Each structure stands twice: as C-alpha cells, then as structure tokens.
Amino acid sequence: MTKEKMIIEIKEWLKEAAGYIRVSLTNELKVSQKSGRTDLVTNIDEETQSFLIKKIKQRYPNDRILAEEKEFNTIDSLAGRVWIIDPIDGTMNFVMEQENFCIMIAVFEDGIGQLGFIYDVMKDELYWGGKNYGVFLNEQKLPQPKDTSLSEGLLGMNAYMYGKNIHSAGEMGHASMGIRVSGCAGVELIAMLKGNHIGYVSNLSPWDYAAGLVLLDEFGFKYSNIEGKPLAFAGREYFLAATPTAYVEIQGNFLQK
C-alpha cells in the first residue's frame, strides 16, 4: 500500500465520520464523565473511534492502534506502524458549543511520524500532510509560516496553566502579544500551521499532539515536553511547541532559570 492510497483512504474515513458527527448533533447526546465533571466523553466519541478502528483493522490488520477511549489508550512502544487517534478532540466544546472540535489521526512508523490529519469538522477544513509532503488545507498547499519571536506573536495556551502560572506559563503569556485559549489542541495546532499563533503550551495526551507533530515537523517548528525532553507518548505531559525562535526564547527565559 502506497502512502498516496493510504492518504485517499484516510480522507474518505474522516469525511464519513464527520458526516455522522454532524448528523448526531441533531440528536440527544449521551454524555458521561471520566475523571471528573469537566472530563467528558460522549457516545459519539466512542462510536467515531470504533468506526475508525474498524476501518484500520480491515485494511491494515497487523498495525497497532493508540486511541483515547477505553482499551486502546495505552501502548508499550511505537515499534512498527502505529495509528494514533483522537475521535473528538475538544469534547467539552463539542458538547457545549457544537463547534471548535476536531478529529485527529496520525500514522507513525518505528516512532517517526509519517502522516498527520487534523479535521475541523464544523468548518469542513482538513489540515493534512506527511513526511516530505508538505502541509495542506484541503487540497491547497500551505506556505511556510514565519519564524516569529515570542514578543511578536500570539501564544495558544491551557487556561489552567496560565491562571496558575504553571511552568511560568503566565509569564510566557505576558511576554507574548497575548494568549488565546480554544479548549482544543487540534484548533491550537491549526493556528500554528496557519501562522496565526507562534506557539502552544498545554497539558496533553499522545492523541492530542501526535497528528500535529507530523505537520509541525514539515514546517520546522520545535516541540518537546516542557523540560525540553522528547515527548513520551504515554500519559499526560506538559507540552511546548513553537517557532524555532520563540522556542529558544521560551526555554531560555522561562524554563531554564
């Protein structure tokens, strides 16, 4: 199976899943809590994940899967080909706003990101790309964002980190042109790919960042955990991604004091 055929398949799956999600918004959602009242999951999260996993297993039965819901949310390594799925990124937005949420899929091979897809469902905007492909919005190739400094750009951020100044997040925000909080990692990563934001600081799980990393790589953004170490792809961790210039400024001025 060539990458080109895989890209076509994944796009078809995403469009089908998104169509189902849009229709589901006219029905009554079944919402439940995971770790607390602000950590939600719906029947649509679970059904979307099941749909995507079924498609993957039918076409690529030997591949492994890491996904947000239920028994797929841990993996022992990234050896071989691994699919990383967030069926609805921004579930709170999905429930409360019915917009500003994404479906995200990444394909990794032996720990190296090969393909990434972030689909803003309600805007019908698919950001996708892969290693040596570039980054696209639907079928239009996106230009390389400018390497903007922290003081000249907007910074996407986790609201709790900013409010409590966790890992100097509040200070980073004050040093930037301002922070923006969307409540959805996919939306924040899109803002970086469009050149609207120079960085993103948050507390994320692998399915929140995997697809974005593939696309950030294509544009030369820098990313790591908040301590500057490689992301673990296991559990939640403090996440930093930024333009090369802003990344160095953030690390040097706020995280390595």
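Rings of Phe, Tyr and Trp (for Trp, its six-membered ring) pair if their centres lie within 6.5 Å; planes under 30 degrees apart count as stacked, over 60 as edge-to-face and the rest as tilted. The count under this rule is 9 aromatic pairs. One of them joins Phe 108 and Phe 233 in an edge-to-face arrangement, with 5.4 Å from centre to centre and 70° between the planes. This pair bridges distant parts of the chain, 125 residues apart: Phe 108 belongs to strand β5 (residues 102-109), and Phe 233 to the loop between β13 (222-225) and β14 (237-242). Helices (H or I, at least four residues) and strands (E, at least two) are DSSP runs, numbered from the N terminus. Both Phe 108 and Phe 233 are buried, a term that denotes under 20% relative accessible area, with exposed meaning over 50% and partly exposed the range in between (1.4 Å probe, protein chains only).

The pair of Tyr 209 and Phe 239 is stacked, because the ring centres are 5.7 Å apart and the planes stand at 15°. Tyr 209 is in helix α7 (residues 206-218) and Phe 239 in strand β14, so this pair ties together parts 30 residues apart in sequence. Tyr 209 counts as buried at 0% relative accessibility, and Phe 239 is likewise buried, its relative accessible area being 0%. Ring pairs link Phe 108, Tyr 200, Tyr 209, Phe 233 and Phe 239 into a cluster.

Phe 233 and Phe 239 also belong to the largest nonpolar core, which has 36 residues; together with Ile 84, Ile 118, Tyr 127 and Leu 216, they touch the most other members. A nonpolar core is a set of buried Ala, Val, Leu, Ile, Met, Phe, Trp, Tyr and Cys residues joined through side-chain atoms within 4.5 Å. Helix α7 gives the most to this core, with 8 residues. At least three residues of the core come from each of domain 1 (3-141) and domain 2 (150-255), bounds that derive from an automatic or database domain assignment. Apart from this core lies another, of 33 residues, among them Trp 13, Ile 53, Ile 56 and Phe 136.

Residues are numbered from 1 along each chain as its sequence is written. In this predicted model, local features need pLDDT of at least 70 and side-chain atom pairs count only at pLDDT 80 or more, while totals for chains, interfaces and linings use all residues; side-chain values use heavy atoms, with hydrogens and water left out.
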